[in-house]
Amino acid sequence: MTEGVQVRVRVRLEFKISPIKRVVGRHLLTLNLKNAGKRILKNMVVRLHSLDSIFSVVGFGCFVYALMPSAEESVDFRVFGSSEAQVYFSVRGYASGDQYFSMESPIMEIPIKDAAEHDMLT
């Protein structure tokens with residue numbers, strides 16, 4: 001009988017969010033990911049989570065095929081809400097080809113007051 005071996009893979013990702021912008025009838029929250037490590041990151045699923053019930057995300061997440069060391073990638077999330085929301089991002093994928101990793105960003109506050117005002121006008 002073989003015992004399973006658990007390996008913890010460390011990756012370094014930097015997270016930066018841009019203010020919500022309105023584009024053709026929807027509101028987009030843009031997340032910029034930067035690979036601050038030395039490993040190639042592949043097949044990443046990026047999800048946006050909210051701690052507030054007044055904020056919602058359309059869809060299940062975004063897919064990033066590959067992120068080379070020092071490279072950046074921007075992903076957009078379609079969102080709805082009002083006031084301010086506390087959100088965080090989760091990222092799951094593979095480092096250096098076959099080593100699975102999973103991580104979460106710190107909790108971030110985003111203002112979405114303008115987005116709600118635009119919803120009432122449309």
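1. Burial first: a residue is buried under 20% relative accessible area, exposed over 50% and partly exposed in between, using a 1.4 Å probe and protein chains only. The accessible surface (Shrake-Rupley method, 1.4 Å probe) comes to about 8000 Å², and carbon and sulfur atoms hold 50% of that.

2. A word on ground rules. This is a predicted model, where local features need pLDDT of at least 70 and side-chain atom pairs count only at pLDDT 80 or more, while totals for chains, interfaces and linings use all residues. Residues are numbered from 1 along each chain as its sequence is written, and side-chain values use heavy atoms, with hydrogens and water left out.

3. Helices (H or I, at least four residues) and strands (E, at least two) are DSSP runs numbered from the N terminus. Of the contacts (heavy atoms within 4.5 Å) between residues at least 6 apart in sequence, 64% join residues at least 24 apart.

4. How far do I trust it? The average pLDDT, the predictor's per-residue confidence from 0 to 100, is 82 for the chain, and 80% of the residues score at least 70. Confidence is highest in β6, at 94, and lowest in helix α1 (residues 113–121), with a mean of 44. The pLDDT is below 50 over residues 115–122, a stretch with 10 contacts in the model beyond near neighbours in sequence.

5. Now the core. A nonpolar core here means buried Ala, Val, Leu, Ile, Met, Phe, Trp, Tyr and Cys residues joined through side-chain atoms within 4.5 Å. The largest one has 28 residues, and Phe-15 and Phe-77 have the most contacts inside it. Elements giving two or more residues to this core include β1 (13–17), β3 (26–35), β4 (41–50) and β7 (72–81). The biggest contributor is β8, with five residues.

6. Which residues does Phe-15 contact, leaving aside neighbours within four places in sequence? The list is Leu-31, Asn-32, Leu-33, Phe-89, Val-91, Met-103, Ser-105 and Met-108.

7. Ser-70 is exposed, with a relative accessible area of 56%.
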